[in-house]
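Let us walk through this structure step by step, starting with its charges and moving on to its fold, its surface and its domains.

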Amino acid sequence: DFLCISLVNGFTQLRYNLGDKTIILQTLQKVHANGNTWHSLNAGRVGNEGYLDLDGINVTQKASPGMNALDTHTDFFVGGVSSLNLVNPTAIENEPTGFTGCIREIVINNRELKLTVTDAKGGANIGDCDGTDCGYTVCKNNGTCQVENSGFSCSCPREWTGTTCEQSIHCSQNTCGSHALCIPQPSSFSYTCVCALGWTGKYCDNKIKFYIAKFVGNSYIKYTDPFYGKRDLQYSRLSLNFTTNQTEGLIAWMGKSENEDNDFLAIGLANGTLKVVINLGERISVPLMHSKYFTCSVGRWHFITVVQNQTCIKVYLDEELILFEDIDPQRKYTALNYGGICYFGGFEIGRKVNTVTTGLFQKQFIGKIKDVVLFQDSKKIQLVKAEGYNVYDGNSGN
């Protein structure tokens, strides 16, 4: 299997093979080879249907019956390859040669690859394309960069300020405390303070402790498991208590959630149904649904436990076994390589649940969570000592 983007006789080509046949798409127009024109290229596939878009002009290859998963386990190469014999002969029309030119802003599956010395895994013979202090992302939020004797300066759009247009004008005079993020509210020409875990108040200056975490819909907790290196990942377990009156929401996500290749185990609500999803590898997400669950008024606590024994999954709700399934009798992948990361209630500010979970769950959680236990640990997780924002003390009131 492969996916390859190349220049052929002045045209841009996308070629990919999912295991049965090579599909070729070519742009309708040639690129400008004058060395000073930037082109915007979008290319990819949904299943086995491919698309190629150069500067807004789209070419699409309608899907025909066939395979629809790209199974590749190599590094991702930009501009060339470390050895030409890595290139499948059908991946390019002519003899493979390295690219000469400039490349910037590569985004793979909504994740930008930083083309820097420290972020790339390796490379050779790469230079700075811009040649000035004005790289393409120096000025944020559509600011314009000007080169000056002392370096550079940014001309910012009306709503932004700061040396690199990184700060909203609504937050430039904010009174949020040191344990808060200022979130601009342009529609009301104001801002709100979002409090870090363990802090509350209008300006996030009141320290709190809690054993019950209250989530209000734009909250999250990110917990890093200190014992991850010692875990037997073929036998995972997550248990917790939750209460809610909502029909949608992500309760817990064990996994790094950086890209679609990451293993995960997820618990949440979808259409008033309890939903458990597990992915042990190769992007095969297996959703398990329990239709008998119905939402209850706040105050009714539910106890859920999910046990993964290699590919066998057991789900207990209020100490009753409600789901038991072997998700892969072939035992191709048997370990939950979750990276030691657990999210509760949602993901980092700015990351939408339906995007990160590719539609498995629609919203952040609204409700309360307590008594979280990983594996067979004797102690509950101290949620208040993790990382997160906008989480309240669930002990007090509703």
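The protein chain carries 35 positive and 38 negative side chains, with the centres of the two sets 8 Å apart; here Lys and Arg count as positive and Asp and Glu as negative, while His and the chain ends are not counted, and each charge is placed at NZ of Lys, CZ of Arg, CG of Asp or CD of Glu. The model is a predicted one, in which local features need pLDDT of at least 70 and side-chain atom pairs count only at pLDDT 80 or more, whereas totals for chains, interfaces and linings use all residues. Residues are numbered from 1 along each chain as its sequence is written, and side-chain values use heavy atoms, with hydrogens and water left out.

The C-alpha atoms fill a box of roughly 65 × 60 × 40 Å along the principal axes. Of the 398 residues in the protein chain, 37% count as buried, that is, under 20% relative accessible area with a 1.4 Å probe, protein chains only.

The domain assignment, whose bounds come from an automatic or database source, gives domain 1 (2-112), domain 2 (174-208) and domain 3 (213-393). Six residues from domain 1 and six residues from domain 3 take part in the contact between them, where contact means heavy atoms within 4.5 Å. The centres of domain 1 and domain 3, taken over C-alpha atoms, are separated by 36 Å.

Key: Buried means under 20% relative accessible area, exposed over 50%, partly exposed in between (1.4 Å probe, protein chains only).
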